[in-house]
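I set out to look up several parts of one protein model and to record what I found.

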Amino acid sequence: MTTVTEAAPETRPFEADVAKLLQLMVHSIYSEKDIFLRELISNAADACEKLRYDALSDAGLLAGDDAQPRITVTLDADNRRLTVEDNGIGMGEVELAEALGTIARSGTKAFVERIAASKEAEGAQLIGQFGVGFYSAFMVADRVEVASRRAGAGDAALWASDGQGAYTIQPLDPSEAPARGTRVTLHLKEDAASFAEAYTVERTIKTQSGHVPVPISLKDKPDAEPRQIADGAALWTRPKAQVTGQEYADFYQSVAGQYDTPALTLHYRAEGLNDYSVLAFVPETKPFDLFDPDRAGRLKLYVRRVFITDEAHILPRYLRFVRGLVDSDDLPLNVSREMIQESPILATIQKGVTNRLLSELGKLAGSEEESEAERYQKIWENFGPVLKEGLYEDYARRETLLGLARFKSTASGAGWRSMTDYVGALKENQTAIYYAVGADLDRLAASPQLEGFRARGIEVLLLNDQIDSFWVTAGVDHDGKPFKSVTQGLADLGLIPLLEGQAPATPASDDVAGFIGFVKQTLGDAVADVRASERLTESAVCLVASDSGMDRQLERLLAASGRLPEAAKPILEINPRHELIVRLGALGETDEGLREDAAHLLFDEARIADGEPPAEPRAFASRLARVIGRALP
Ligand code: ADP
Ligand code: MG
């Protein structure tokens with residue numbers, strides 16, 4: 001048992017989110033509790049790698065006869081205890097409170113919120129998907145002690161908690177602490193006693209953590225000799241043919257801190273001007289913080305098996321969901337992280353890995369095999385919105401990214417369409433790729449603006465991701481054809497023949513033209529223009545942007561975020577062939593009150609179809625009441 005120096009322990013409360021997370025761990029019904037071991041071992045390995053890096057510039061840190069990184073797991077079945085000890089970087093008092101009293105990890109907050117709002121069974125599922133880190137120890141322990149000494153420091157500290165809302169910190173007699181590094185002691189709950197038994201622990205570590213890059217030893221009893229159960233050889237240095245899918249999956253989980261399996265594994269060695277190894281994974285599920293603005297790429301950089309940084313930004317932001325590492329043979333070891341950023345070697349690696357990843361995704365996307373294509377479709381469903389950011393961020397790879405893109409469209413049904421599918425279905429005289437943007441797929445599909453396109457059998461892409469408004473207007477084209485919004489002007493429909501059985505548009509009769517003029521006069525400043533529509537076949541009205549104007553959806557987005565003074569006024573298009581319009585036209589100069597109500601109500605109808613509220617809700621209500629009142633017997 002650990003003894004402490006005279007000073008009284010200081011009790012501190014956990015940060016609110018930690019308390020919530022702990023509550024969750026303590027009462028966890030998640031059945032695979034053994035994940036706590038993977039978390040503790042991954043922390044121990046991280047600590048060894050941090051030390052290995054710091055020692056590059058300060059060799060003194062590795063002083064003593066314990067220079068080789070190691071992790072030792074010790075079991076004490078009699079006292080129901082398990083310890084995980086490393087000789088890594090270690091923590092002082094301040095670092096202990098910082099690391100084990102707060103939540104710094106991105107995504108954790110979102111995770112805690114999600115889980116607090118979920119049902120119990122779902123919550124258990126979520127724990128399985130998300131690496132919950134150190135605090136998972138409280139799934140199996142009712143008391144956890146962390147004795148630690150920072151590399152190169154003389155003093156040591158002890159952190160302890162029963163997971164009930166507070167922890168204590170106190171100085172620790174250095175003779176009670178590891179000479180360097182951290183010892184985590186778990187006082188196991190009764191129902192977790194098997195984690196003090198060699199059989200369970202050895203099997204768990206071998207399967208979960210067999211490939212962490214630090215050797216792991218097990219002591220079956222406190223006084224037993226340690227025996228090595230994992231050799232710490234870096235998995236990525238082994239030839240691909242000698243690594244099993246299971247080993248890749250285990251490694252992925254330990255490097256990604258996620259508990260799904262990889263949807264795509266990329267393992268290769270680049271040789272030539274620069275030599276490096278790559279082991280990268282596309283996850284099977286979406287991480288919680290995918291759209292967190294601070295979320296950066298998560299590809300780790302190693303140099304000759306020494307971990308350097310996970311902030312080398314090896315991949316562009318739109319590939320930030322990829323996990324794994326790159327191990328360079330050529331980068332100098334004794335160079336600062338900042339200098340690495342500027343290195344031409346890093347630039348070569350960035351380019352090489354990005355291209356290779358995109359080409360692997362492309363192979364999967366274009367595969368003839370159905371199971372492969374399905375696998376790609378899942379990747380697209382999870383990460384498509386992120387990949388699309390590349391369409392305007394990475395001009396040079398735009399064609400490649402467009403080739404990877406999959407779309408919902410008026411022709412996709414439940415499936416997805418590629419650019420190749422779209423181009424293959426072009427209509428006679430069609431010179432543009434048409435799209436409609438909006439937040440809601442169903443509403444987009446039902447939009448009156450699509451009618452003229454339907455009548456000609458022209459496919460329209462239905463874009464409902466936030467990001468879509470931006471890239472489509474960034475001057476993207478494909479196969480020599482520009483992208484064009486269906487809300488922009490007349491969209492060249494006249495040149496494309498109607499499908500069989502569709503009546504050609506006839507010019508508006510004098511009566512109808514008179515009514516359209518009346519609507520324009522009535523609505524005044526609220527619209528830029530009112531005109532007869534060539535595109536509408538079923539609906540009476542719709543709103544469009546001016547021919548040269550910005551897409552309406554993008555305009556609204558920009559206006560809402562304050563980046564445009566205000567959205568430009570729309571054009572109201574009226575279907576001169578619609579029965580209602582024809583009858584309103586037939587009223588001629590009579591019944592002005594009704595025609596006025598109709599003009600406003602038609603405008604509101606068009607706004608509603610666009611997902612906007614009526615222009616003046618109260619006036620809308622009284623007009624509607626008046627019109628219904630007239631119809632009642
Ligand atoms: P993560 O590992 O994702 O950062 P954890 O909850 O597992 O999250 O750990 C929180 C922090 O505690 C780590 O970032 C690290 O700073 C610190 N830590 C945990 N275990 C150790 C250890 N064995 N040695 C040094 N620091 C540790
Ligand atoms: Mg961790």
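My notes on helices, a sheet and some single residues follow.

**Conventions.** I worked from a predicted model, in which local features need pLDDT of at least 70 and side-chain atom pairs count only at pLDDT 80 or more, while totals for chains, interfaces and linings use all residues. Residues are numbered from 1 along each chain as its sequence is written, chains are lettered from A and ligands numbered from 1 in the order in which they are written, and side-chain values use heavy atoms, with hydrogens and water left out.

**Entry 1: helix α10.** I took helices (H or I, at least four residues) and strands (E, at least two) as DSSP runs, numbered from the N terminus. Helix α10 spans residues 370-387, and the C-alpha atoms at the ends of its 18 residues are only 22 Å apart. A straight helix would reach 26 Å at 1.5 Å a residue; the expected span is 1.5 Å times one less than the number of residues. I then asked where α10 bends. The bend, about 55 degrees, is at E381, and the proline P385 follows within four residues. Here a bend is the angle between axes fitted to the seven residues ending at a position and the seven starting there.

I also listed the buried residues of α10, among them Y376, W380, F383 and L387. Buried means under 20% relative accessible area, exposed over 50%, and partly exposed in between (1.4 Å probe, protein chains only). The cover over these buried residues includes β10 (264-270), β11 (276-282) and α9 (344-365), as well as α11 (390-393) and α12 (398-404). I counted a contact when heavy atoms lie within 4.5 Å.

**Entry 2: a three-stranded sheet.** An open sheet of three strands runs in the order β20-β22-β21, with mixed pairing. Two strands pair if DSSP finds at least two bridges between them. β20 (529-532) and β21 (541-544) are the edge strands with a single partner each, so one side of each has no neighbour in the sheet. From one strand to the next the twist averages 25 degrees. Helix α17 (residues 510-523) packs on the sheet, where it touches β20 and β22, and its direction makes about 165 degrees with that of β20. Axes are lines fitted to C-alpha atoms, for helices over the stretch in contact, and angles run from 0 to 180 degrees between N-to-C directions.

β21 pairs with β22 (residues 571-574) in the antiparallel sense over four bridges. In β22, E573 is the bridge partner of C542.

Entry 3: S161 belongs to strand β5 (residues 156-161). Is S161 buried or exposed? It counts as buried because its relative accessibility is 2%. The S161 side chain reaches the backbone nitrogen of G163 at 2.8 Å. Beyond four places in sequence, the contacts of S161 include F14, F138, R143 and Y167.

D76 is in strand β2 (residues 71-76) and is buried, at 15% relative accessible area. The C-alpha atoms of D76 and P222 are separated by 6.0 Å, although the two residues are 146 residues apart along the chain.

**Entry 4: positive phi.** Most residues other than glycine have a negative phi. H313, not a glycine, has a positive phi of about 50 degrees. H313 is in the loop between β13 (306-309) and β14 (323-328), and is partly exposed at 42% relative accessibility. D591 has a positive phi near 55 degrees and lies in the loop between α19 (579-586) and α20 (592-609).

Key. A polar contact is a pair of N or O atoms within 3.5 Å; within protein, one must be able to donate a hydrogen and the other to accept it, and residues adjacent in sequence count only if both atoms are side-chain atoms.
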